[in-house]
Amino acid sequence: MPKQVLFGQKEFHELSAFLIQNGFQKITPHQKHISLWRQRLVPPRKTHGSETGFVYSHPDHNWKVVVWTSFVEPTGKPKPQDNIWVLIKENDLALYFRPPIRRTEFALERLQTYALIAKTRVLVRPCCDECRKYLDIKKGKGLRSRYLVCNNINKHPDKKIRTYNWDKDMPEEALVILRDEREARAKYWKAQRAKGKIPGKAILIRKKWKPAEEVK
Ligand SMILES: [Zn+2]
């Protein structure tokens with residue numbers, strides 16, 4: 001496991017500037033409080049409520065990217081034990097968690113890359129080839145596998161649902177990065193499995209914390 005490198009106030013400010021420049025907005029503690037209250041969610045730990053997050057919302061549909069930085073602004077430090085999360089939500093529902101970013105040497109660069117890839121996914125949200133309705137995210141068989149679906153069967157000549165690849169309409173620049181990452185991750189977990197470790201443990205823990213955010 002690579003060494004943990006925690007970032008400080010200066011790096012956090014740079015990250016914050018980068019995300020804001022790219023159309024993300026900071027999630028204020030008040031917004032977070034209201035959101036949890038509205039959804040009747042109880043943060044599992046006292047400290048969980050204080051990390052700073054950012055959100056990118058699409059102007060025309062209900063998908064958004066949420067980034068949880070693990071950085072606690074009032075203390076000026078990252079939380080000692082946590083990863084960085086990038087997820088895609090439809091309204092309140094988290095439909096896709098990308099693999100957590102461990103806080104190692106290039107974590108912030110990786111976060112910037114994956115925040116932009118997630119934003120691209122939201123920006124290029126594909127429409128059904130048949131009926132032009134926005135596609136929805138559906139959970140596949142694997143832990144993080146996702147595909148896109150159109151349930152608008154009345155507008156399909158054969159009255160059947162249409163399914164599409166998760167990467168539909170994603171630009172080649174993003175696909176190159178994703179392919180490299182998937183390959184590296186597959187190699188990493190092959191080695192981990194040989195040692196008896198289970199992939200995706202972090203996401204299972206994360207899901208347990210916020211049951212209402214789980215993919216239905
Ligand atoms: Zn359709």
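By class, the residues lining the second largest pocket come to 7 nonpolar, 5 polar and 8 charged, and I would like to begin there, with the reminder that everything I show today comes from a predicted model. The space in that second largest pocket is about 380 Å³, and of the 20 residues that line the pocket, those closest to its centre are Ile27, Gln31, Ser35, Lys64 and Lys89. If you look at which elements give two or more residues to this lining, you will find strand S1 (25–27), helix H2 (29–38), strand S2 (53–57) and strand S3 (63–68). Of these, H2 gives the most, with 6 residues.

A search of the whole structure finds 2 cavities of 30 Å³ or more, and the largest cavity holds about 40 Å³ of space. Which residues line the largest cavity? They are Trp63, Arg121, Val124, Pro126, Leu148, Trp166, Lys168 and Met170, and by class this lining divides into 6 nonpolar and 2 charged residues, with no polar ones.

The protein donors are the SG atoms of Cys128, Cys131 and Cys150 together with NE2 of His156, and they lie 2.0 to 2.3 Å from the zinc ion. The angles among the 4 donor atoms run from 101 to 119°, and the site is tetrahedral. For comparison, the ideal angle for four tetrahedral donors at a metal is 109.5 degrees. Along the sequence, the donor residues follow the spacing C-x2-C-x18-C-x5-H. Cys128 sits in the loop between helix H3 (107–123) and strand S8 (136–139), whereas Cys150 belongs to strand S9 (residues 146–150), so this pair ties together parts that are 22 residues apart in sequence. Both Cys128 and Cys150 are buried, and for Cys128 the relative accessible area is 2%.

Two backbone details deserve a look on the screen. Lys159, in the loop between S9 and strand S10 (162–165), has a phi near 60°, a positive value in a residue other than glycine. Asp169 likewise has a positive phi, near 70°, and is a residue other than glycine; Asp169 lies in the loop between S10 and helix H4 (172–194), and at 48% relative accessibility it counts as partly exposed.

Finally, I would point you to the start of the chain. Gln4 is found in the segment before helix H1 (9–21), and with a relative accessible area of 43% it is partly exposed. How far apart are the C-alpha atoms of Gln4 and Thr104? They are separated by 4.6 Å, although Gln4 and Thr104 stand 100 residues apart along the chain.

Note on methods. Residues are numbered from 1 along each chain as its sequence is written. This is a predicted model: local features need pLDDT of at least 70, side-chain atom pairs count only at pLDDT 80 or more; totals for chains, interfaces and linings use all residues. Side-chain values use heavy atoms; hydrogens and water are left out. On a 1 Å grid over the protein atoms alone, a cavity is a set of points where a 1.4 Å probe fits but cannot get out, and a pocket is an open set with protein on both sides within 12 Å along at least five of seven lines; lining residues have an atom within 4 Å of a point. Grid points are joined across faces, edges and corners, and a volume is the space filled by probe spheres set on the points. Ala, Val, Leu, Ile, Met, Phe, Trp, Tyr, Cys and Pro count as nonpolar, Asp, Glu, Lys and Arg as charged, and the others, Gly among them, as polar. Buried means under 20% relative accessible area, exposed over 50%, partly exposed in between (1.4 Å probe, protein chains only). Donors are N, O and S atoms within 2.8 Å of the metal (3.2 Å for Na, K and Ca); water is not among the atoms, so sites may look incomplete. Four donors count as tetrahedral if all angles lie between 85 and 135 degrees; four count as square planar and six as octahedral if opposite donors are over 155 degrees apart and all others between 65 and 115; anything else is irregular. Helices (H or I, at least four residues) and strands (E, at least two) are DSSP runs, numbered from the N terminus.
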